[in-house]
Amino acid sequence: SQDGRFLFSGSADGSIKQWDVSTGENIMTLEHDPISSAVKSLAVMIGTENGEEFLFSGLEDGKINQWEI
């Protein structure tokens, strides 16, 4: 995340986990519906007008998903 409090990880089962950096706790798990393939890339984008954060995930099968975080 922009403030450095959270870390995101993607895995071979297609899930994405959000971690609290200071505690190491898993805060949230996102799952693609349906789970089609492994997560190969993640990117965070900050909205310019209202400060919203978005997470983009790229999958092994070429699909890209957008999540509001």
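Here are some numbered notes on the structure above.

1. Before anything else, know that this is a predicted model, in which local features need pLDDT of at least 70, side-chain atom pairs count only at pLDDT 80 or more, and totals for chains, interfaces and linings use all residues. Residues are numbered from 1 along each chain as its sequence is written, and side-chain values use heavy atoms, with hydrogens and water left out.

2. Let's start with the overall layout.

3. Now the overall dimensions. For 69 residues, a compact globule would have a radius of gyration near 11 Å, and the protein chain agrees with that at 12 Å. The radius is taken over C-alpha atoms, and the globule rule is 2.2 Å times the number of residues to the power 0.38. Along the principal axes, the C-alpha atoms fill a box of roughly 30 × 30 × 15 Å.

4. What about the surface? The accessible surface of the protein chain is about 4600 Å², and carbon and sulfur atoms hold 49% of that. These areas come from the Shrake-Rupley method with a 1.4 Å probe, and for residues only the protein chains shown count as cover. Buried residues are 29% of the 69; buried means under 20% relative accessible area, exposed means over 50%, and partly exposed is in between (1.4 Å probe, protein chains only).

5. Strand β3 (residues 26-31) runs antiparallel to β2, and five bridges join the two. Two strands count as paired if DSSP finds at least two bridges between them. S15 stands opposite E31 in β3. Five residues sit between the strands, and G24 in the turn has a positive phi of about 75°.

6. Have a look at Q18, which lies in strand β2 (residues 15-20). Q18 counts as buried because its relative accessibility is 10%. Setting aside residues up to four places away in sequence, Q18 touches F6, L7, F8, E25, N26, I27 and M28. A contact here means heavy atoms within 4.5 Å.

7. Strands β4 (residues 39-46) and β5 (residues 53-59) pair in the antiparallel sense over seven bridges. V44 has L55 in β5 as its bridge partner. This hairpin has six residues between its strands, and G51 takes a positive phi near 75°.

8. E52 belongs to the loop between β4 and β5. Is E52 buried or partly exposed? With a relative accessible area of 29%, E52 is partly exposed. E68 is 16 residues away in sequence, yet its C-alpha is 7.5 Å from that of E52. Not counting residues up to four places away in sequence, E52 touches M45, I46, G47 and E68.

9. Finally, S57 in strand β5. S57 is buried, with a relative accessible area of 1%. Leaving aside neighbours within four places in sequence, the contacts of S57 include I16, H32, S41 and W67. S57 and S15 are 42 residues apart in sequence, with 9.9 Å between their C-alpha atoms.

Terms used: Helix = DSSP H or I, 4+ residues; strand = E, 2+ residues; numbered from the N terminus.
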